[in-house]
Amino acid sequence: MADPPGCCHPCATCLLCLYSCQWITAKKEKRKGLRTTKCDCSWFLFLFCVFLFTLVWLYFAIIILNDFHNFNEFIFKQQKLWLDWSLVLLIATAVLITYSTVLLVLALCLQLCGQPLKLHWLHKTLLIITALVVAAAFTGLGIKWAEEWKSARISLQETGPFLHIGIVGGMTLLAWPLASVIYRTRNTGLKVFLLLAYCAVMIALYLAPLGITSPCIMEENQLPPKPALVGHRGAPMLAPENTLMSLQKAVDCDVQVFETDVMVSADGVPFLMHDEKLTRTTDVQKVFPERADMNSTAFNWTDLQQLNAGNWFLERKPFPTVQSLSDSDRDEVAKQRIPSLEQTLEAAKESNISIMFDLRPEKHSNYQSFVNATLDVILKSGIPLQQVLWLPDDCREQVKKRAPGVQQIYGRKRNQNEKEQLQRVNLSYQNMSFEEIRQHRQDNISVNLYVVNQPWLFSVLWCAGVSSVTTNACQVLKEMKHPIWLLPSRTYLMIWIVVDCVSFLMILWAFLLLK
């Protein structure tokens, strides 16, 4: 078995050393008469499958970054430990994909050099561990975070055309080692099988664009207006969530609506707080250690005013953006307190920004009194009622009677048979299809989707025609003047044809060159 031109013995020796963990020169290897066995081929196939498996997980890991702050909050509530687990996820994924990629490249190079694929037992063990780790990650995702499968389907609407080009390119490059295998093997049946399988895969890839759809395949003049921004608890990447500073930072980002959460203290004062307990976003464990695990509504307003609502932001750094805060911003963060709803409405009125809120906890025995206390503050604040968006479903009819000017926003889709015509809906981006977005838009129903942080997701929802999005990253989405990509259908057709033709010619060249 002669080496192909350009494959020097030192290179083959190094490849064998890295792949087989044996320092054997190419000449000695030949003298031993070692060849790639069926078992070796099986391990190569397993390596290729692990590489693809890990590559798919890398894609998922990038997609779920949009929602990873929710995972961080979940872990904190369970373990009282704050860590940006997205860094752990990305580092672990990078290690796994790098390892499997290097091994695969080594195997392909060995094949081109005509050397046996004798994978060392240590690599075999590590590959099995890699496969088990990725399988466990996918299993955990399916059990605990199943909605992310919907996120992946949505992402394909944004990345589908480019994934197609990448896969076609990868399979085209695979033609060189495949041609080498076909020309070297003496097994006619294996030759036919490999050739037919490869041709079937390539034909499927060449025709794949027929099934690829994306709302961003449209003419420029058909692009809907840019979605308005709703600040999720303000601007939580720039200031502590649900504080007056966070509201002001949201205003600076041209946010049109401040989304927040309202609770009512034991003495009847509505205030801003998302969690049922105060431990994550205040220093309650330091000020009231014996009461730290009590519900937020069990504290009176005097006690709540003693808590600092900003230092946790500097200590835990919930977002990487905390590192880049200026000294003046850090000083302001350290001064933040829990704001009352009255203070928030006053700030919203001065900034001419709308406010949308949930009233928590919904199952509290005194929820009716919470509604009354909240409505009293709204009506006394003097804020134009059209700037208030009411989210809670409970007691909605009572709210309509006492404050008919308040905007009603619903956390559900429109029902075809309902008498009342909805004007606004607020849903997770995973729970509304692009077709439903278009239908609501045609019916003049404002659609707000949450929580949208990544530019790719904002881009595809923009193309779909969503009215607004709730976001943690208002400072990022504010700067987007255009979707990431927008292709007229004719342009996409031309790219498709060119990519397929170039791929076909390169495959033909590979088989003719190595013949």
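## Helix packing

A crossing of two helices is left-handed if the near helix is turned anticlockwise from the far one by less than a right angle. In this predicted model, the crossing of H3 and H6 has that left-handed sense. The axes of helix H3 (residues 38–63) and helix H6 (residues 121–144) are 10 Å apart and meet at an angle of about 35°.

On the H3 side, the contact is made by Trp43, Phe46, Leu47, Val50, Phe53, Thr54, Val56, Trp57 and Phe60. H6 contributes Lys124, Leu127, Ile128, Thr130, Ala131, Val134, Ala135, Ala137, Phe138 and Leu141. By class, the residues of this contact are 16 nonpolar, 2 polar and 1 charged.

The whole structure contains 2 cavities of 30 Å³ or more.

## Second largest cavity

The second largest cavity holds about 40 Å³ of space. Asn66, Asp67, Phe68, His69, Asn70, His232, Val451, Asn453 and Asn472 form its lining, with 6 polar, 2 nonpolar and 1 charged among them. Helix H4 (residues 68–79) supplies the largest share of this lining, 3 residues.

Notes
Residues are numbered from 1 along each chain as its sequence is written. This is a predicted model: local features need pLDDT of at least 70, side-chain atom pairs count only at pLDDT 80 or more; totals for chains, interfaces and linings use all residues. Side-chain values use heavy atoms; hydrogens and water are left out. On a 1 Å grid over the protein atoms alone, a cavity is a set of points where a 1.4 Å probe fits but cannot get out, and a pocket is an open set with protein on both sides within 12 Å along at least five of seven lines; lining residues have an atom within 4 Å of a point. Grid points are joined across faces, edges and corners, and a volume is the space filled by probe spheres set on the points. Helices (H or I, at least four residues) and strands (E, at least two) are DSSP runs, numbered from the N terminus. Ala, Val, Leu, Ile, Met, Phe, Trp, Tyr, Cys and Pro count as nonpolar, Asp, Glu, Lys and Arg as charged, and the others, Gly among them, as polar. Axes are lines fitted to C-alpha atoms, for helices over the stretch in contact, and angles run from 0 to 180 degrees between N-to-C directions. Contact means heavy atoms within 4.5 Å.
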